[in-house]
Amino acid sequence: MKRTILIIILALAIGATVLLAGDGVVSQGFVPLSFSRAITFDSPLLYPSWLAAGDLAPDGFPSIAVVSPDNTETPLEYALGKGNGHFRAWRNNDNVGNAPGFVLLADVYGDGNLDAITTDVGGNDLFVASGDGKGHLYGGKRLLVGGVEATFIAALGDLNGDGIPDIVGTTDSGIFVILGKGDRKFAKAVTFSSGGQNPYGIAVGDLNHDGIPDLVVANNGQYSGNHGSVAVLLGRGNGTFSKPVHYLSGARPSELVLGDFNGDGNLDMAVVGEAERVHALMGKGDGTFSSPKSYRAGLAPHAIAAADFNGDGKLDLAVAAANVSILLGNGDGTFQLPIGLPADGHHPTQLTLADFNHDGKPDIATVNGDSTISIFLNTTRFAPTPHIH
């Protein structure tokens, strides 16, 4: 009990709220939020760098996939979900490069099955492992990105309006675009500048309501001199983009997420970086953004995702910091003080969201610095949906 009291005192001292997982409920703005105590188990990979979730079977239960650049024998491992926050035996794929630092489960080939995209922190390529829709990821199609030394984060979108998914992502020197040609074929990668130094996080969305995907990129900058910025690149509808427009978003921005945080129908962005803050920039609907407002996010935030965690119809934020912090959204583009989910000393390094127990609520999965994986099941009692007669 003394240790719990001390944790709460320290959290209040830095302007945070601690959620005692298990049977505790914390009320923020009269809306309760609760999560079960984390289900934590060993990762099949040493020092996993990224975690993705998606229904590989598909049976309605999300699977998880992890990668690590420190495991060259089986760099991609994945496991099918049981629907209760636990998973079946691990399967592996060793055809995804030597040093994958990122993984995304998405339908790359447009056949209704989830595939796995992995990037390579030690090479000028990325790989696509094909999903068979029955829980397996086969092979690994190598896609070269010329003139770079590493690939980092990737996203999927139809960048040229042909109905075929394309791949876009960040490298050590800029941005790459690989247009899909259909029939599991791709065009040659095209690279261009992000307008800043050390780009890392990237997201795709229609920022100006023209039906064409646009890009936002976190340029991490340098420790001295240029401390980084967020760049917005508007799509032209042919797989190319306009020159980047920069916005300040705190020192050394690393990852970001898009979402409509103030309910005006325009995409906004939230960014994490070096400071103990989340920076939120409201979209104006024309591809431009307002000045950032910052919110406490916990110690050393480095990953971020958005979902409605308490069922009030307003987007919230989940941040991987010293623990997992949740910032409940007020629906007007502002956020409440962070609520910390106890990480029990496992120190999350990345997170992803999925409904792991099939109850209609977003849950959280993290990979941790001690080579473990944690699943936080959302036990919040959502308000009942009103019936229209």
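Predicted model: local features only at pLDDT ≥ 70, side-chain atom pairs only at ≥ 80, totals over all residues.
Which residues does aspartate 125 touch, not counting residues up to four places away in sequence? The list is Thr119, Asp120, Arg142, Leu143, Leu144, Val145 and Thr151, where contact means heavy atoms within 4.5 Å.

Residues are numbered from 1 along each chain as its sequence is written, and side-chain values use heavy atoms, with hydrogens and water left out.

Strands here are DSSP runs (E, at least two residues), and they are numbered from the N terminus. With a relative accessible area of 5%, aspartate 125 is buried. For that label the value has to be under 20%; exposed means over 50%, and partly exposed is in between (1.4 Å probe, protein chains only).

One of the residues touched by aspartate 125 is Arg142, and their side chains meet in a salt bridge at 2.8 Å, N to O. The term asks for a side-chain nitrogen of Lys or Arg within 4 Å of a carboxyl oxygen of Asp or Glu. This pair links distant parts of the chain: aspartate 125 belongs to strand β11 and arginine 142 to strand β12 (residues 137–144), 17 residues apart. While aspartate 125 is buried, arginine 142 is partly exposed at 48% relative accessible area.

## The other salt bridges

How many salt bridges does the structure hold? There are three. Another of them joins the side chains of aspartate 344 and arginine 37, at 3.3 Å from N to O. Aspartate 344 is in the loop between β30 (339–341) and β31 (348–354), and arginine 37 is in the loop between β3 (31–33) and β4 (39–42), so the bridge ties together parts 307 residues apart in sequence. Aspartate 344 is partly exposed, with a relative accessible area of 45%, and arginine 37 is partly exposed too, with 44%.

Then there's the bridge between the side chains of arginine 184 and aspartate 111, at 3.2 Å, N to O. Here too, distant parts of the chain are linked: arginine 184 sits in the loop between β16 (180–182) and β17 (185–186), aspartate 111 in the loop between β9 (103–106) and β10 (115–119), and the two are 73 residues apart. Arginine 184 has a relative accessible area of 38%, which makes it partly exposed. Aspartate 111, at 35%, counts as partly exposed as well.

Terms used. Helix = DSSP H or I, 4+ residues; strand = E, 2+ residues; numbered from the N terminus.
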